[in-house]
Amino acid sequence: MPSDPRMQESELIPHLFRTEYSKIIAVLCNSFDLRHLEVAEDIASETFLKATEIWGIRGVPENPTAWLYTVAKNKVKDYFKHNAVIERQVKETMKLNDIETALDFEFSHQNIADSQLAMIFSVCNPENSTDAQICLALQILCGFSVEEIASAFLTNPETIKKRLHRARVNLRNGNFQIKALSDPEVRARSESVLKTLYLLFNEGYFSKTNDQSIRKDLCFEAIRLGLILVGNALTDTPQANALLALMYFQSSRFDARTNDRGEMILLEDQDKSLWDRGLIERGNHYLVNAYEGKEVSRYHLEAAIAYWHTTPTGGGKWQHILQLYNQLLLIEYSPVTALNRAFAFGKVYGWEKGIEEAEKLSLNDNSHYYSLLGYLYTRVDIDRAVGYYEQAIALTRSRVEAETLRKEVRRLMGDI
Amino acid sequence: MKDFLLIYRADYSTYPASKPERSPEEMQALTQKWMNWVAGIAAQEKLVDRGNRLVPSGKVLKSNGSVSDGPYTEIKESIMGYSLIKAASLEEASKLAGGCPILSYDGSVEVREINAI
């Protein structure tokens with residue numbers, strides 16, 4: 001849609017498209033028990049098409065959002081009145097009276113929130129691969145265009161289209177239906193919902209693309225969806241709060257973690273005045289909520305680590321971080337966690353001990369393994385440090401990372 | 001990769017966690033040692049199950065029908081806990097078992113390959 005030239009004339013419509021498109025689809029699906037997502041999507045798209053046409057001639061109405069909702073509602077009415085074929089399909093599941101009642105639906109704040117929540121649970125279906133779930137979430141829950149998703153994943157739109165198509169077929173085969181959430185359903189699927197939001201956030205935070213605005217959008221969309229979760233008593237769980245805290249803490253460092261050439265800056269070397277205090281405060285708020293129960297999930301541990309990173313050095317900070325990484329590894333192994341733990345180990349017990357822990361990992365095809373060893377050896381043996389950095393450069397697929405490492409090698413060579 | 005059971009043994013009368021006069025700092029330091037060690041194995045993706053500690057008291061039943069209290073009345077070293085790890089060989093498993101905190105308290109680690117039923 002954003003490639004439509006008429007839309008580019010106005011900044012407003014792309015913005016509204018991003019924020020309202022997914023809300024309209026969610027409310028329509030929720031109110032009409034629509035099994036065919038495409039019908040709701042068509043109505044939402046037609047609504048935006050009409051907006052571009054009419055607003056271009058008559059100017060933007062006073063309350064554009066309300067205008068969109070009214071048009072969408074009228075289009076639904078038209079759809080039920082004139083589309084006899086599909087009406088028959090709907091009748092199988094809904095009596096005509098129900099349709100009349102349903103037509104009284106409102107785009108109220110509450111209905112939008114409830115519908116979006118139900119939609120999140122429908123879209124995050126473990127039947128689909130995690131990549132596919134993220135793509136679907138971006139398209140259906142966040143209103144991203146295929147082109148935007150493609151650039152976030154650094155791939156071409158055709159690949160994304162295929163991925164989305166397969167994912168939708170899976171949803172349909174799995175009897176896609178969005179309905180009011182019940183407690184058992186929430187419990188059965190919340191793990192997969194949280195995982196999708198976590199990955200969506202990480203896709204933005206550690207994305208391969210250098211487009212900062214897309215990366216931020218992905219992260220803030222994940223936060224927005226997380227806020228919908230904690231906004232409903234059914235899904236306001238300690239885990240959801242922990243995930244939200246983690247996302248706020250990470251986001252607070254968005255502007256500090258890269259320089260103007262897009263190169264990564266290590267946490268310790270970041271200009272802390274660039275950290276967003278407001279986001280850290282929100283992180284603290286949700287972290288406190290997260291620890292109201294007894295449960296300690298991986299999100300709790302990761303949020304707690306991110307919390308300690310916001311605090312000044314001293315007071316056993318790195319011992320806390322190390323113990324949290326220890327616990328995280330016992331819950332779930334990941335190479336990133338193992339590498340971060342080795343770094344924390346070096347921080348607490350000295351770089352030689354950190355090197356010992358790191359060398360045991362033998363992640364011989366992982367560029368981060370070699371760049372960690374390079375970093376740890378910098379204080380111990382510069383020749384070896386350079387050697388490890390060169391292995392990391394040979395292995396990395398990120399141009400920016402390679403450039404950052406080359407610069408470090410030049411700095412070390414100059415030091416000799 | 002094969003699975004191996006690590007069996008930790010020590011003398012309850014000298015192991016710090018079972019001493020009544022232990023300080024919270026001592027306990028915390030001990031916990032950190034164990035966590036660092038076991039997470040070091042997990043970091044190599046070689047921990048199958050961190051296992052458990054055992055409560056000191058127990059019963060021992062014998063073929064002659066006798067039932068006695070505790071395992072530790074007759075032998076000095078008791079089983080204090082166990083973990084499951086995986087390794088390519090018994091040699092590698094023994095290497096992983098090295099550095100176990102129980103070794104610094106006169107305890108021992110027995111490394112046994114699992115013979116799955």
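**Two interfaces of chain A**

Let me start with the count between domain 1 of chain A and domain 2 of chain A: one salt bridge. The rule there is a side-chain nitrogen of Lys or Arg within 4 Å of a carboxyl oxygen of Asp or Glu. The partners are A:R298 and A:E332, at 2.9 Å from N to O.

Some ground rules. This is a predicted model, where local features need pLDDT of at least 70 and side-chain atom pairs count only at pLDDT 80 or more, while totals for chains, interfaces and linings use all residues. Residues are numbered from 1 along each chain as its sequence is written, chains are lettered from A in the order in which they are written, and side-chain values use heavy atoms, with hydrogens and water left out.

First, the domain pair. Domain 1 covers 237–311 of chain A, and domain 2 covers 313–416. Those bounds come from an automatic or database domain assignment. The C-alpha centres of the two domains of chain A lie 21 Å apart. Domain 1 of chain A brings 16 residues to the contact, and domain 2 of chain A brings 18. Contact means heavy atoms within 4.5 Å.

Now area. The two domains of chain A bury about 1500 Å² between them, with 65% of it on carbon and sulfur atoms. Buried area is the accessible area (1.4 Å probe) that two parts lose on being put together, summed over both. On the domain 1 side, A:L301, A:I305 and A:W308 lose the most, together 39% of what that side buries.

Polar contacts next. Two residue pairs qualify across this domain interface, both residues at pLDDT 80 or more. The test is a pair of N or O atoms within 3.5 Å; within protein, one must be able to donate a hydrogen and the other to accept it, and residues adjacent in sequence count only if both atoms are side-chain atoms.

Second, chain A against chain B. Here 15 residues of chain A touch 12 residues of chain B. The two chains bury about 1100 Å² between them, 61% of it on carbon and sulfur atoms. On chain A, the trio A:Q323, A:L330 and A:Y333 supplies 45% of the area buried against chain B, more than any other three residues.

α16(A) gives the most, with seven residues. Helices here are DSSP runs (H or I, at least four residues), numbered from the N terminus.

Conventions
Helices (H or I, at least four residues) and strands (E, at least two) are DSSP runs, numbered from the N terminus.
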